[in-house]
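Subject: Structure handover and notes

Hello,

The structure follows below. Please look through it alongside the notes after it.

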Amino acid sequence: MTAYAEAVSGIRPKMRRAIIMVQDLIMVLIAVALSLTLSQSRLSFDAFSSGGLACWALIVLAAHVLFRYSGLYSTVWRFASTPDFFNILKGCGSLTVVLYLAAVAFRSFFQPVSGLNERQFIVFFLVSFTIISAPRLYYRFLRDGASWRILRRAASDASVKQALFIGRLSEADVIVRFTRTAAPAEYAIAGIMATESDAPLGTQIQGVPVVALRPRLVEVLEEYVKGTENLDLLIFGKGIEREIEDYAELVRVARHSGIAVVQFSGLSELGQGGKLVLDAVEMETIMRRSAVATDTTRIGAFVGGKRVLVTGGAGSIGRVLVKRALELGAEAVLVADNSEFGIFQLDQLIDEKDRDRLTSRIVDVTDRPHMMRLVGEFKPAIIFHAAALKHVPLLEENWEAAIETNVFGTLACAEVAAECGVPQFLLISSDKAVDPTSVLGVTKRAAEQIVSSLHETHAAPSLVRAGGLNGHQAGAHRPGTKFIAVRFGNVFGSNGSVATVFQAQIEAGGPVTITDRRMTRYFMTVAEAVDLVIMSAADAEQRQGSDDYAIYMLDMGKPVPILEVAETMIRMAGKSPYTDIAIRFTGIRPGEKLHETLHGENEEVVKLDIAKLFGLRTDIVEWPRIEAALPALVAAMNDRDKAAALAILAGLYRAEQSAVGAPEETAPKTVGQIG
C-alpha cells in the first residue's frame, strides 16, 4: 500500500470528496496547459493577465459544474469501472465542447484570438480524460485489486459465492486456503477486513488483499455494497462479536443490502478436503452486551465427572445448560421436564457422541414422589432448577399454576435434594423478583426466599402441605445440601422472549407490537448466562460462613430499550422501521414494569473476583415463618382467592406489605438501575 492510497483512505468521506473535487480541477488546469504545450500553440494574449486569469476561473467553474452533473462524485474510487469511466468521458467531453463553443463565440463576437484551433481542444480532451481517470484507476489497483474479481464475475463462476472476511489475519489465512481447496468450490474470498488495527493495509494473504482495518470497517463495507451487486456473503471470524464494537452495524449494513451474514466456527474435517463450518448470525449475538470470556477451565473442573440434573431441561435456558454440561465433561445428565415435544427437540440438538450420557424423563416438578424416585436413582451431584412458568400476562390470569409450579415446584425439588443428600441445588431466578408487581415476580421472589432460607439451614426441615395439595409429612433428611439462587434478566432467543415474538411479526410483514416506547429490559445471550450460572455454582461450592451468599446476581450490562431491539431486528431483516414494517404501541399489560432492576434498595451488591458476577446480601426469612405460611397459601388457592394468596407470598419477603394487588391494581413503576 503506497502512502498515496493510505492518505486518501484515511480521510473522512466529506473531506475526501472535497479533496477529490479540488484535485480534478487542478487536473483540468494542467490539461489546458499541456494541450497548449503539446500542440505548440502560441496564444495572442498573456495567460496571466487579468483577462487570462478570468479565463482560468471560468474554465474551473465550468469544469466543476459539468463534472458534478456527469456523476463523477457519486461513485467510489475502489469500484471505478466501465460506467464510472464513461462518466469521466462524458464530463471531459462536455467540458471540451463547452470550451470550444465559448472560444468560437468569443473570437466571433469580441476579438480574434490566434493560437486556438480544433487541434488544441482534441488534445485537451485526451489529456484531461487520461489524467482525471488515472488517480482513480491507480487507487483501485493499490487498494483492492481483488474487487475486480467481484465486479467481473465470469459466468462459469456464478455458483461460487463471492465473500468478504472480517476477522484476524491468522484466521483469514486458514479460510482462504480451505475455500480454494474445497471441491466443488463454494466460496471465494475477495477481500479481508482485518480486526487488528496494526495490520498491513493493502498487503495480500495468498493473493487476497487486506482492504480495511479498524476502525473503518463499517465505512469500507458501505463502499463495497454500494460499488457492487455481486457480493454474496460476509463471513465473520470466530468470536469477533466480542472484539469489535461495530459488529451489529456491520451485520445491519450487509443484510440491508441483501448480503448473507455467517460466522466461522471451525472446520468439519482436516486435510485438503476440509470444509468450513459457517453458522448463521443470530439476533442474540447481534444485540450483544459487552461479554467477557468465561473461565472455561474452572467451570469445566466443576462440572467434569459430575452427575447433573436439570429440571426444565427442555426449556430455553435448560437445554443450553444440558448441552453445556455435556460439553464440559459431565459424567451423566438427567433432564426432568413435563414437555414431551420439548424433550424431543432437545434430543435432536444433542450430538450423537453425547447421547449415551443424556437421560430424559417426562415429569412434573411438583410431583414430589416422582422427583424423589428420579433423584434417588440418578444420585446427582448438582440440581439446576430451571423449571418455571414465566410469561407475565398469562400468569396474571393463571395465578394458581404460577404458584403451584414456581413456589411449590421449587419447594418440592429443594426438599427432595436435601432428603436425598444432593450436594448442591441451584435455582434459576429472575430480575422480576425484585420489588415484584406481577404474579411471576411474586412467585419467583417466594422461590428465592425458600432457597435462601434453606441456604441458611443447609437442610430441609419437616414440611406439612395441607389442603388438597398432596398433604404429607416429610421424612428424615440428610444435612449438607448447598442451596443458592442466581438472579438475572432476559436472555435472547428464549421461548416467548421479545426476540422470538418480534422475529415472527417481522416475517409476517408486521406490525411489530411494543407495549410502551419507554420500556427497557436487561438482555444477555443465553450461552453467557449459562456459563455464569455454572460459575456461580462453582464459586458457591468453595464458600463457607460469612463469606457465603444465598443469591448471586449476573452483571447484565446496561438496560436496552425494547424499541431499539425492534428497530434493530427490522433493519437486520433488510427492511426499514415504520416504512416497510410498522411498529405499533399497545399499552402496558397487567403486571409489567417499564424498567426492571436486578437488586432492591435493601440488598447489598458485593463485587466478587469473578467477572460479571456479584454476590447479594439480602433479608432472609426464617424457615418457621415460611413453613407457617404454606397451609394458608394452600387454603387461599383452594378458595381461588388470588388477593389472599398474593398477600401471603408478599409477606414472605416484606413484612410491612400486607398485600399485592390484583392485576388492575399492579400499576407499573420505574425502579432504579445498577449504578
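Helices (H or I, at least four residues) and strands (E, at least two) are DSSP runs, numbered from the N terminus. Residues are numbered from 1 along each chain as its sequence is written, and side-chain values use heavy atoms, with hydrogens and water left out. This is a predicted model: local features need pLDDT of at least 70, side-chain atom pairs count only at pLDDT 80 or more, and totals for chains, interfaces and linings use all residues.

An open sheet is formed by nine strands in the order 10-9-8-11-12-13-18-22-21, with mixed pairing; two strands pair if DSSP finds at least two bridges between them. Strand 10 (358-362) and strand 21 (604-607) are at the edges with a single partner strand each, so one side of each has no neighbour in the sheet. On average, neighbouring strands of this sheet are turned by 25° against each other, direction ignored. Axes are lines fitted to C-alpha atoms, for helices over the stretch in contact, and angles run from 0 to 180 degrees between N-to-C directions.

Strand 21 pairs with strand 22 (residues 613-617) in the antiparallel sense, over four bridges. Glu604 stands opposite Arg617 in strand 22.

Backbone points

Most residues other than glycine have a negative phi, and most peptide bonds are trans. Lys612, in the loop between strand 21 and strand 22, has a positive phi of about 70° although it is not a glycine. Lys612 is buried, at 18% relative accessible area (buried means under 20%, exposed over 50%, partly exposed in between; 1.4 Å probe, protein chains only).

Lys379 is not a glycine either, and has a positive phi of about 55°. Lys379 lies in the loop between helix 14 (368-378) and strand 11 (382-385), and is exposed, with a relative accessible area of 59%.

The peptide bond from Gly510 to Pro511 is cis, with omega near 0°. Pro511 is in the loop between helix 18 (498-507) and strand 15 (512-514).

Helix packing

Helix 18 also packs against helix 20 (residues 562-572), at an angle of about 45° and with the axes 10 Å apart. That makes helix 18 oblique to helix 20 (under 35 degrees counts as roughly parallel, over 145 as roughly antiparallel, 65 to 115 as roughly perpendicular, and the rest as oblique). The contact (heavy atoms within 4.5 Å) includes Phe502 and Ile506 of helix 18, and Val565 and Met569 of helix 20.

Regards
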